[in-house]
Amino acid sequence: MPLARIDMVRGRRPDQVKAVVDAIHHALVEVLAIPVRDRFQIVTQHEADEIIAQDAGLGFERGPEVVIVQIFTQRGRGAADKQRLYRALADHLDQAGVGGQELFVSYVENGPEDWSFGFGRAQYVDGELPIPG
């Protein structure tokens, strides 16, 4: 059920984009224990001057390979789970050719009433889907 918005600079080949989105999904499946087919990803590619992602004062430079990942999911996971997810994202993306300094993650939580998977219903609220976690 997590929704991942993935922003990157335009210019990667289709197989490279696929490697990035697959790496993100594998990390989510591994750490959050979601079903493999629970996959919702939106990829947006931008011109190089349309992404500004500095280091927040940590002392490193990002390059044109930057990948910004916003994860929207239900509340209830603790800091340790989130730290494991960040580490898994970095590890899987490293294997896909994205270095750790190029990864920026934002994790946003909400509740079961905030999701509709179609047909104008909140499936977690009406019991059609079990609430994760």
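Start by selecting β3 and β4: these two strands run parallel and are joined by 8 bridges. Strands here are DSSP E runs of at least two residues, while helices are H or I runs of at least four, both numbered from the N terminus. The model is predicted, so local features need pLDDT of at least 70 and side-chain atom pairs count only at pLDDT 80 or more, whereas totals for chains, interfaces and linings use all residues. Residues are numbered from 1 along each chain as its sequence is written, and side-chain values use heavy atoms, leaving out hydrogens and water.

**The sheet**

Strands pair if DSSP finds at least two bridges between them.

**The cores**

Select Ile6, Val20, Ile24 and Leu85, which touch the most other members of the 24-residue largest nonpolar core. Such a core is a set of buried Ala, Val, Leu, Ile, Met, Phe, Trp, Tyr and Cys residues joined through side-chain atoms within 4.5 Å. Buried means under 20% relative accessible area, exposed over 50%, and partly exposed in between (1.4 Å probe, protein chains only).

Which element gives the most to this core? It is α1, with 9 residues. Zoom in on valine 20: beyond its neighbours within four places in sequence, its contacts (heavy atoms within 4.5 Å) include Ile6, Met8, Leu93 and Val98. Another core, of 5 residues, lies apart, with Val9, Ile51, Ala53 and Val66 among them.

**The aromatic rings**

Finally, display Phe40, Trp115, Phe117 and Tyr124, which form one aromatic cluster. Rings of Phe, Tyr and Trp (its six-membered ring) pair if their centres lie within 6.5 Å; planes under 30 degrees apart are stacked, over 60 edge-to-face, and the rest tilted. Phenylalanine 40 and phenylalanine 117 make a tilted pair, 5.6 Å centre to centre with 50° between the planes. This pair links distant parts of the chain, 77 residues apart. Tryptophan 115 and phenylalanine 117 are stacked, at 6.2 Å and 10°. Tryptophan 115 is buried at 11% relative accessibility, while phenylalanine 117 is partly exposed at 31%.
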